[in-house]
Amino acid sequence: RGRARHTRCGCVVSIAAETWDRPVELLATVQHELGHVGSIRAGGLPWCLLLLLSSEVRAASEAPCYGASMAVLVGLGGWSTAAAAESAMRSLAGYGLDADGMALAAEIIASHRATLDRGADLGGVVLEVVAALAAVRGEQ
């Protein structure tokens, strides 16, 4: 059984049907979306409006969430950091970021990649996913 997470904006997270057939990518997507839930919970409607109006705010919001996805793809899916970073940048290209926004996103993704290249877990993302999976299986 899952638990619903509600934000002050009343957001609903929607995950593409084909993602459900790829378990590691599903975990990466959920971790990505949970990053947005936290941001929206903290910033409310003003944050949502800023996302629409500012390329830099979109970049600063999306890139760290893609960083969380990268951590899962590398740590649990065996992806190379290069492949994970390239995938993140391809996705970020679809957010209508201007040149400054793309530059900011690229810097954030490069920082996440460098952290993963050193073998570090970005803020414990992978450990959090592993702990959640263990809880679902009834392990402690």
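Modeller: We begin with a definition: a residue is buried under 20% relative accessible area, exposed over 50%, and partly exposed in between (1.4 Å probe, protein chains only). The model is predicted, so local features need pLDDT of at least 70, side-chain atom pairs count only at pLDDT 80 or more, and totals for chains, interfaces and linings use all residues. Residues are numbered from 1 along each chain as its sequence is written, and side-chain values use heavy atoms, with hydrogens and water left out.

Colleague: How many salt bridges does the count come to?

Modeller: Side chains of opposite charge can pair when their charged atoms come close. A salt bridge is a side-chain nitrogen of Lys or Arg within 4 Å of a carboxyl oxygen of Asp or Glu. By this rule, the count comes to 2 salt bridges.

Colleague: Which residue forms a salt bridge with Glu-25?

Modeller: Glu-25 is partly exposed, at 27% relative accessible area. The closest N and O atoms of the pair are 2.7 Å apart, and the partner of Glu-25 is Arg-22.

Colleague: What is the N to O distance in the salt bridge of Asp-117 and Arg-113?

Modeller: Helices (H or I, at least four residues) and strands (E, at least two) are DSSP runs, numbered from the N terminus. Asp-117 and Arg-113 lie 4 residues apart in helix H4 (residues 99-117), which means about one helical turn between them. Asp-117 is partly exposed at 49% relative accessibility, and Arg-113 is partly exposed at 32%. Their side chains meet with an N to O distance of 3.7 Å.

Colleague: How is H3 oriented relative to H4?

Modeller: Axes are lines fitted to C-alpha atoms, for helices over the stretch in contact, and angles run from 0 to 180 degrees between N-to-C directions. Angles under 35 degrees count as roughly parallel, over 145 as roughly antiparallel, 65 to 115 as roughly perpendicular and the rest as oblique. The axes of helix H3 (residues 81-92) and H4 come within 10 Å and cross at roughly 160°. Therefore H3 is, relative to H4, roughly antiparallel.

Colleague: And how is H2 oriented relative to H5?

Modeller: The axes of helix H2 (residues 55-75) and helix H5 (residues 125-136) come within 8 Å. Their crossing angle is roughly 70°. H2 is therefore, relative to H5, roughly perpendicular.
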